[in-house]
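This report describes one protein chain for a reader who is new to structural description. Please consult the sequence and the structure while reading.

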Amino acid sequence: PRHYIAIRDTFAAHRMHFTEETYFQRYVAYADRDLFPIIAHDLQHPLTPQHLHTMLEEKWHRFADLVRTHGVETFSATLDLIREAHARKITIALVTAAMRRDVDLILGSLNILDSFTTIVSAQDVPRSKPDPAPYTLACSRLNLAPSSCVALEDTPGGIASARGAGCQVIGVCHTLPAHRLQQASRVVASSRELTVDAMLALLT
């Protein structure tokens, strides 16, 4: 929700408007640098490189202010999975379409940055989700075959990225309904339905 609000308000400040429904139907899960030109094109307002840079910086400051003022909404069961896997020395990577400064801000506030062996953010790859490149890079950094990795994803773009790299994928309905996540190997209503062992079972 913090990303949506920051993006919405940034575009509104430049006299471009879209609905929350449109955001979750069409725009969710993209990296900002990839998303902003798409939104602008849809609204018939193409961006120059300088305009894009300005809007990305404006969005970042809005987002950071929202996080610092209102905190971060978390899924406690997901945090439990991360902490359990880390305690059991199971390798975890974070693969995100967010920029690294977003990651550091959010996960730093949750004190879980050191739970991840590697973090792949939008700036680490030429193309972010739904392209397979982010997951391919994460697996390479971990020195693991994608087929030996399970991804937890909540959007079609994230699922496409993980599947395209060769990972097993669990779709979690935290953001979108189950029918939007059917390309995953398994779909659950919430991370409360998962355990670390159940995730690993997808690899057997």
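## Loops, helices and the overall chain

Gln44 lies in the loop between H3 and helix H4 (49–70). Helices (H or I, at least four residues) and strands (E, at least two) are DSSP runs, numbered from the N terminus. The model is predicted, and local features need pLDDT of at least 70, side-chain atom pairs count only at pLDDT 80 or more, and totals for chains, interfaces and linings use all residues. Residues are numbered from 1 along each chain as its sequence is written, and side-chain values use heavy atoms, with hydrogens and water left out.

**Backbone features in loops**

Most residues other than glycine have a negative phi, and most peptide bonds are trans. Gln44 has a positive phi of about 60° although it is not a glycine. Buried means under 20% relative accessible area, exposed over 50%, and partly exposed in between (1.4 Å probe, protein chains only). With a relative accessible area of 75%, Gln44 is exposed.

Arg15, in the loop between H1 and H2, is also not a glycine, and its phi is near 60°, a positive value. Its relative accessible area is 77%, so Arg15 is exposed.

A further loop, between strand S2 (118–120) and helix H7 (133–142), holds Pro130. The peptide bond that joins Lys129 and Pro130 is cis, with omega about 10°.

Glu193 is found in the loop between strand S5 (186–188) and helix H9 (196–201). Its relative accessibility is 44%, so Glu193 counts as partly exposed. Contact means heavy atoms within 4.5 Å. Not counting residues up to four places away in sequence, Glu193 touches Arg186 and Val188. Glu193 and Val172 are 21 residues apart along the chain, and their C-alpha atoms are separated by 9.4 Å.

**Packing of helices**

Two packed helices are described by the angle between their axes and the distance between the axes. Axes are lines fitted to C-alpha atoms, for helices over the stretch in contact, and angles run from 0 to 180 degrees between N-to-C directions.

| Helix pair | Angle | Axis distance |
|---|---|---|
| H1 (residues 2–13) and H3 (residues 32–42) | about 45° | 12 Å apart |
| H2 (residues 20–27) and H3 | roughly 125° | within 12 Å |

Angles under 35 degrees count as roughly parallel, over 145 as roughly antiparallel, 65 to 115 as roughly perpendicular and the rest as oblique. H2 is therefore oblique to H3. A crossing is left-handed if the near helix is turned anticlockwise from the far one by less than a right angle, and right-handed if clockwise. The crossing of H2 with H3 is right-handed. Tyr23, Arg26 and Tyr27 of H2 make the contact with Leu35, Ile38, Ile39 and Asp42 of H3.

H1 and H3 are likewise oblique to each other, and H1 passes H3 in a right-handed crossing. Here Ile7, Thr10 and Phe11 in H1 meet Asp32, Leu35, Phe36, Ile39 and Ala40 in H3.

**The chain as a whole**

How many helices and strands does the chain have? The secondary structure comes to 9 helices and 5 strands. Along the sequence, these follow the pattern α-α-α-α-α-β-α-β-α-β-α-β-β-α. Buried residues make up 41% of the 204 residues in the chain. Among contacts between residues at least 6 apart in sequence, 56% join residues at least 24 apart. Taken along the principal axes, the C-alpha atoms of the chain fill a box of roughly 50 × 30 × 30 Å.
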